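Work through the following exercises with the sequence and the model at hand. Each task is followed by its solution in steps.

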Amino acid sequence: PDFNKGKLLQAKNILAVVKFNSGLYEEGAALFMEVIAGYEKNYGEDSSYLASPLLNLGAYFYQKEEFTSAAIFYERAISIWEREGNDLETDILLWSSLAETCLKLERYKDSKQAFEKLLPKLVQRDGRKSEAISFAKDRIKEVNKKLKKEKKIQKADRHQQRGENKQMYE
């Protein structure tokens, strides 16, 4: 890999963050995509350098309420970060972002798994009690309620379908 290209990509990533945080979302997103393409070309598709711009591009799509796209970028960032990363704050940011995005998408099992991955990281950072830990626990309870409700609906649908099938054969 070219050292100078790596430094240029890091600088572009920082500029993208500045633009994004200044409300220039489209410009920031364009730079994040450019940085991702550059990192992939210079370091490979699984480089740990990709985690940050992928996370930030996920945040861009989340902010635009394009949750499916956001989830794709968060999931890719997590798959890379789990192999290559070692920063607790980034772990927390990735898992909390994915958990909330999956909740928005009504992917409750995925949301619950992400919150459950997040919780021990929060405990590691904060100790046993913190506002963030309480929030994550509350979210898990909320997701569990939604999963139970979803299960009841599925059971009722199966029961209704059996009744319809039974009527067809009578």
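**Exercise 1.** What volume does the largest pocket have?

*Solution.* The model is a predicted one, in which local features need pLDDT of at least 70 and side-chain atom pairs count only at pLDDT 80 or more, while totals for chains, interfaces and linings use all residues. Residues are numbered from 1 along each chain as its sequence is written, and side-chain values use heavy atoms, without hydrogens and water.

Step 1. A pocket is an open set of points on a 1 Å grid over the protein atoms alone, where a 1.4 Å probe fits, with protein on both sides within 12 Å along at least five of seven lines; lining residues have an atom within 4 Å of a point. Volume is the space filled by probe spheres set on the points, which are joined across faces, edges and corners.

Step 2. For the largest pocket this volume is about 160 Å³.

**Exercise 2.** Locate the buried side of helix 6.

*Solution.* Step 1. Apply the cut-offs on relative accessible area (1.4 Å probe, protein chains only): buried is under 20%, exposed over 50%, partly exposed in between. In helix 6 the buried residues are Tyr108, Ser111, Ala114, Phe115, Leu118, Leu119 and Leu122.

Step 1. These residues lie on the same side of helix 6, because their arc around the axis is only 160°, taken from the directions from the helix axis to the C-beta atoms.

Step 2. The face turned away from this buried side carries the exposed residues Lys109, Gln113 and Gln124.

**Exercise 3.** Is Ile140 buried or exposed, and which residues does Ile140 touch?

*Solution.* Step 1. Ile140 is in helix 7 and counts as buried, because its relative accessibility is 11%.

Step 1. With contact meaning heavy atoms within 4.5 Å, and residues up to four places away in sequence not counted, Ile140 touches Phe115, Glu116 and Leu119.

Technical notes
Helices (H or I, at least four residues) and strands (E, at least two) are DSSP runs, numbered from the N terminus.
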